[in-house]
Amino acid sequence: MTDDSLANSLNRHCHCINVDQGVLQESLEARLGETGAWSRLQNSHPHLLADSPVFISHGQVARMKNLIAAIERVASLESYREEVLGWAPPIAQDNPGAHGVFFGYDFHLTNDGPRLIEINTNAGGALLLLEVASAQQACCNEVENYVTGRVNTADLERAFVAMFRAELHAQAPGQELRRVAVVDENPAEQYLGAEFTLFQRMFQHHGIDAVVTGPEALTLGDRQLLVEGHAVDLVYNRLTDFYLQSPAAAVLNRAYREAAVVVTPSPYTHAHYANKRNLTLLSDAERLREHGIDEETIEALVRGIPRTHLVTAKNADTLWSERKRLFFKPHWGFGSRGTYKGAKLTRKTWESILSDNYVAQELVPPSERLVIRDGNKQALKLDVRCYTYKGELQMLGARLYRGQTTNFRTDGGGLAAVFTAPGD
């Protein structure tokens with residue numbers, strides 16, 4: 001049995017390793033510092049965390065890492081930066097220095113290898129996935145020994161904290177990381193809001209003060225960003241207002257432009273890597289050759305990234321006629337907002353797409369994980385996320401779901417641990 005087929009077989013037939021709810025409860029409540037937090041999270045977010053893990057092969061991991069490395073090589077070229085920044089707003093034009101924390105490269109696994117669906121530069125879920133992975137329990141020693149890729153939570157948390165310190169030093173060499181603001185719109189109401197508290201506790205455990213806040217609570221002093229009257233060294237930016245354009249983000253916008261605080265990930269980082277229009281270049285062999293990219297890198301990119309086109313009035317008729325094999329996404333969108341599977345498009349929706357900023361991506365159906373719910377087997381779609389920093393893989397996670405896109409509304413679905421199957 002090959003490496004990939006073994007992983008596929010485990011995803012279909014292995015149902016004897018899952019989350020130990022008692023271990024997960026104890027760990028989460030200890031980290032959140034609140035008794036009963038797990039029960040409340042289960043009631044409010046019943047489909048956040050999946051019981052069943054996902055299996056992938058060492059070969060699939062190697063191919064994903066190879067594609068990420070190819071993207072990093074292209075992204076380092078000045079000609080590439082100039083082109084992709086040419087369709088970004090003014091605030092994203094200058095590189096402040098920080099690289100960006102928690103990149104998320106999202107893949108669908110196919111018989112022809114992993115295919116990159118999109119790049120996210122403020123990917124959530126990492127700390128919640130740590131909890132899920134560390135709480136996995138096999139039914140017997142044979143299964144336990146068969147599964148590799150266990151997560152060392154303490155080591156990864158130390159690596160994450162070191163990453164934030166490196167972000168500060170990249171923009172403000174020699175400065176000590178004393179206070180972090182985790183910023184999102186209405187953070188307490190966000191679906192992954194519990195993770196913000198996990199980040200706050202993680203920073204505090206490592207001697208760094210941290211506060212979770214909305215952007216409207218920020219103020220600007222003498223070239224220093226403040227929250228609750230105290231100076232902030234770094235903003236961990238979880239806003240999906242990627243270019244800080246909303247009125248609520250006005251202070252953060254100014255602080256970023258004046259280098260009064262380190263913002264990670266930044267508007268520049270999003271424009272450089274995550275604007276979905278960038279995929280129209282990364283998946284086009286001829287345009288890559290115009291940038292002087294070597295053939296080995298081009299082959300990796302074209303094989304690993306579904307062909308993506310900018311939607312324009314010029315190609316509208318062609319894209320409409322081919323819509324059943326395409327998926328439509330807004331340039332600056334996030335998650336599943338505003339995305340459409342071509343086969344389900346109506347003329348009315350198509351007209352709204354033409355009047356907006358969209359790309360059309362070759363449709364790549366996701367693979368599946370069979371889970372058991374109420375004694376019955378159910379097939380759930382899956383995608384795999386590679387969390388990286390400076391192009392290096394930090395951890396793997398997956399999302400299980402049913403429907404058009406990941407949605408956190410599927411019984412048995414949610415954030416899932418990833419294990420690598422043995423090589424033979």
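Biologist: Which residue forms a salt bridge with Arg373?

Modeller: Side chains of opposite charge can pair when their charged atoms come close. A salt bridge is a side-chain nitrogen of Lys or Arg within 4 Å of a carboxyl oxygen of Asp or Glu. Here Arg373 pairs with Asp51, and the closest N and O atoms are 3.7 Å apart. This pair links distant parts of the chain, 322 residues apart. Arg373 is in strand S17, while Asp51 sits in the loop between helix H3 (37-44) and strand S2 (54-56). Helices (H or I, at least four residues) and strands (E, at least two) are DSSP runs, numbered from the N terminus.

Biologist: What should I know about the model and the numbering?

Modeller: This is a predicted model: local features need pLDDT of at least 70, side-chain atom pairs count only at pLDDT 80 or more, and totals for chains, interfaces and linings use all residues. Residues are numbered from 1 along each chain as its sequence is written, and side-chain values use heavy atoms, with hydrogens and water left out.

Biologist: Are Arg373 and Asp51 buried, exposed or partly exposed?

Modeller: Buried means under 20% relative accessible area, exposed over 50%, partly exposed in between (1.4 Å probe, protein chains only). Arg373 is partly exposed at 21%. Asp51 is partly exposed at 27%.

Biologist: How many salt bridges does the structure hold?

Modeller: It holds 24 salt bridges. One of them joins Asp106 and Arg385, with closest N and O atoms 2.7 Å apart. Asp106 lies in strand S3 (residues 103-110) and Arg385 in strand S18 (residues 376-389), 279 residues apart. Both Asp106 and Arg385 are buried. Another salt bridge joins Arg179 and Glu228, at 3.8 Å. Arg179 is in strand S6, and Glu228 is in the loop between S9 and S10. Arg179 counts as buried at 8% relative accessibility, whereas Glu228 is exposed at 60%. Salt bridges with shared partners also join Asp106, Asp383, Arg385 and Arg399 into one network.

Biologist: What does Arg369 do without a salt bridge?

Modeller: For charge, Lys and Arg count as positive and Asp and Glu as negative; His and the chain ends are not counted. Arg369, in strand S17 (residues 367-373), is buried. Its nearest side chain of opposite charge, Asp51, is 11 Å away. The side chain of Arg369 reaches the backbone oxygen of Cys14 at 2.9 Å.

Biologist: Now the sheets. What is the strand order in the open sheet of four strands?

Modeller: Two strands pair if DSSP finds at least two bridges between them. The order is S7-S6-S11-S12, with parallel pairing. Strands S7 (209-213) and S12 (262-264) are the edges, each pairing on one side only. S6 (residues 179-183) and S7 share five bridges. Val182 has Val212 in S7 as its bridge partner.

Biologist: Which helix lies across S6, S7 and strand S11?

Modeller: Axes are lines fitted to C-alpha atoms, for helices over the stretch in contact (heavy atoms within 4.5 Å), and angles run from 0 to 180 degrees between N-to-C directions. Helix H9 (residues 193-205) lies across these strands, at about 165 degrees to S7.

Biologist: And which order has the open sheet of three strands?

Modeller: S8-S9-S10, with antiparallel pairing. S8 (218-220) and S10 (230-231) each have a single partner strand, so one side of each is left without a neighbour in the sheet. Two bridges join S9 (residues 225-227) to S10. Leu226 has Ala231 in S10 as its bridge partner.

Methods
Polar contact = N/O pair within 3.5 Å; in protein donor to acceptor, adjacent residues only side chain to side chain.
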